[in-house]
There are 2 protein chains.
Amino acid sequence: MLGALLRIPFQALVARIHRDLAAAGYGDLRPAHFTVFQHLDREGSRLTELADRAQITKQSMGYLVDYLERRGYVERVPDPQDARARVVRPTERGRDVERRARATIREVEREWAERLGERRVRELHETLRDLAAYLEGRA
Amino acid sequence: MLGALLRIPFQALVARIHRDLAAAGYGDLRPAHFTVFQHLDREGSRLTELADRAQITKQSMGYLVDYLERRGYVERVPDPQDARARVVRPTERGRDVERRARATIREVEREWAERLGERRVRELHETLRDLAAYLEGRA
DNA sequence: CCATGTAGTAAGACTATCGTACTATCTCTG
DNA sequence: CAGAGATAGTACGATAGTCTTACTACATGG
């Protein structure tokens, strides 16, 4: 059941962010776009870099970024370092989305802490962080 | 980052099950099919029941079950209780998949325990179980 | 025995993803 | 400094998995 146990809170959190963003007028953002924001540096990132981090193909990332660009969440600017590349960077609208998503995560953590206690949520965090570090290291 | 922290081990586990099943000759099973097996009772379950448990539409579940049936992982037998319904139940081939998936999960838990210690993995389990119970309760 | 509810299928659409293949540009090496 | 090979990104076509709407067949309770 471990798979389900990890999936349930993950999906609950994603659904909650989705709901809160929709309520804030960002109903055109779908969960797949969250992974773009998640890997997007504030100063901007290259498409290939985003694709690598998210572990999807450049084409898939391109598809998601195209959508976000059309809707004004990100913009593509030429990379002065490399004429082949462009830098994808969040607009103010995109940065607002990031702020709101972070706020929702904090709120959810508070709710979970209310239910499970501060200590257990902190330990969950730490264990997941160590686990992620281990898993990333061997990927 | 909580979203990512939950996603990383979940996806790692799914990828591992996928890899082990492929190595055992079940390369035609994709992650989406795992959710079918996950909710499938040994004696069989109705399609509608599976869809409800997996929180997807009957049509989507039907699509996944069609595939598994064509490949011989599950069979549909008439439900003696209700002539409208049929019961989806794993074949021997399907039960072998379930056994192997469970074995992989146990193996992964052992590896994590080696890295993090028995205690922390046990606590992770308990916390996730409580969290899942809480989240299911309010869904 | 009829009205309404439920099990499952059908048809069509859409999102997110992939593989293969291409162009433009960069970088390294002889 | 020229060409070879690597890299950034795009194009095209395919597919999986999901949805909505609408339907058929059967069940059940008054």
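Colleague: What makes the sheet in chain A an antiparallel one, and what is its strand order?

Modeller: Keep in mind that this is a predicted model. The sheet is open, has three strands in the order 1-3-2, and its pairing is antiparallel. Strand 2 of chain A and strand 3 (residues 86-90) of chain A run antiparallel and are joined by five bridges. Strand 1 of chain A pairs with strand 3 of chain A in the antiparallel sense too, over two bridges. Two strands count as paired if there are at least two bridges between them, so the two bridges between strand 1 and strand 3 of chain A are enough.

Colleague: Why are strand 1 and strand 2 of chain A called edge strands?

Modeller: Strand 1 (45-46) and strand 2 (74-78) of chain A are edge strands because each pairs on one side only.

Colleague: Which residues stand opposite each other in strand 3 of chain A?

Modeller: Arg76(A) stands opposite Val88(A). Val74(A) has Pro90(A) as its bridge partner in strand 3 of chain A, and for Arg46(A) the partner in that strand is Val87(A).

Colleague: What lies across the sheet strands?

Modeller: Helix 4 of chain A lies across strand 2 and strand 3 of chain A, at about 105° to strand 2 of chain A. In total, chain A has six helices and three strands, and along the sequence they follow the pattern α-α-β-α-α-β-β-α-α. The C-alpha trace of chain A spans about 50 × 40 × 25 Å along its principal axes.

Colleague: How much of chain A is buried, and what does "buried" take?

Modeller: Buried residues make up 29% of the 139 residues in chain A. To get that label, a residue needs 20 or more other C-beta atoms within 10 Å of its own.

Colleague: Why does Leu135(B) count as partly exposed?

Modeller: Leu135(B) has 19 C-beta neighbours inside 10 Å. Leu135(B) lies in helix 6 of chain B.

Colleague: What does Leu135(B) touch, leaving out residues up to four places away in sequence?

Modeller: Leu135(B) touches Ile8(A), Pro9(A) and Ala12(A). A contact takes C-beta atoms within 7 Å. As for Glu92(B), its C-alpha is 34 Å from that of Leu135(B), and the two residues are 43 apart in sequence.

Colleague: How many residues does each chain give to the contact between chain A and chain B?

Modeller: The contact takes 29 residues from chain A and 29 residues from chain B. On the chain B side, helix 1 (2-23), helix 5 (92-116) and helix 6 (118-137) each give two or more residues. Helix 1 of chain B gives the most, with 12 residues. By class, that side of chain B has 19 nonpolar, three polar and seven charged residues.

Colleague: And the nonpolar core, which members touch the most others?

Modeller: The largest nonpolar core has 60 residues, and Leu6(A), Val65(A), Leu6(B) and Val65(B) touch the most other members. Take Val65(A): leaving out residues up to four places away in sequence, Val65(A) touches Val36(A), Leu47(A), Val74(A) and Val88(A). In soluble globular proteins, nonpolar side chains tend to be buried together.

Colleague: Now the DNA. Which residues are closest to DNA strand D?

Modeller: Thr48(A), Ala85(A), Arg30(B), Ala32(B) and Ala83(B) are the closest among 21 residues that surround DNA strand D. The elements giving two or more residues there are helix 3 (47-54) and helix 4 (58-70) of chain A, plus helix 4 (58-70) of chain B. Helix 4 of chain B gives the most, with four residues. The classes come to seven nonpolar, six polar and eight charged residues.

Colleague: Which residues are closest to DNA strand C, and which element gives the largest share?

Modeller: DNA strand C is surrounded by 20 residues, and the closest are Arg30(A), Ser60(A), Ala83(A), Thr48(B) and Ala85(B). Helix 4 of chain A, together with helix 3 (47-54) and helix 4 of chain B, are the elements that give two or more residues. The largest share, four residues, comes from helix 4 of chain A. By class, the surface near DNA strand C has seven nonpolar, six polar and seven charged residues.

How values were computed:
Residues numbered from 1 in each chain as written. Chains lettered and ligands numbered in written order. Predicted model: local features only at pLDDT ≥ 70, side-chain atom pairs only at ≥ 80, totals over all residues. Contact = placed C-beta atoms within 7 Å. Nonpolar A, V, L, I, M, F, W, Y, C, P; charged D, E, K, R; others polar. Core = buried A, V, L, I, M, F, W, Y, C linked by C-beta atoms within 7 Å. Buried ≥ 20, exposed ≤ 12 C-beta atoms within 10 Å, placed from the backbone. Near = placed C-beta within 6 Å. Axes fitted to C-alpha atoms, helices over the stretch in contact; angles between N-to-C directions.
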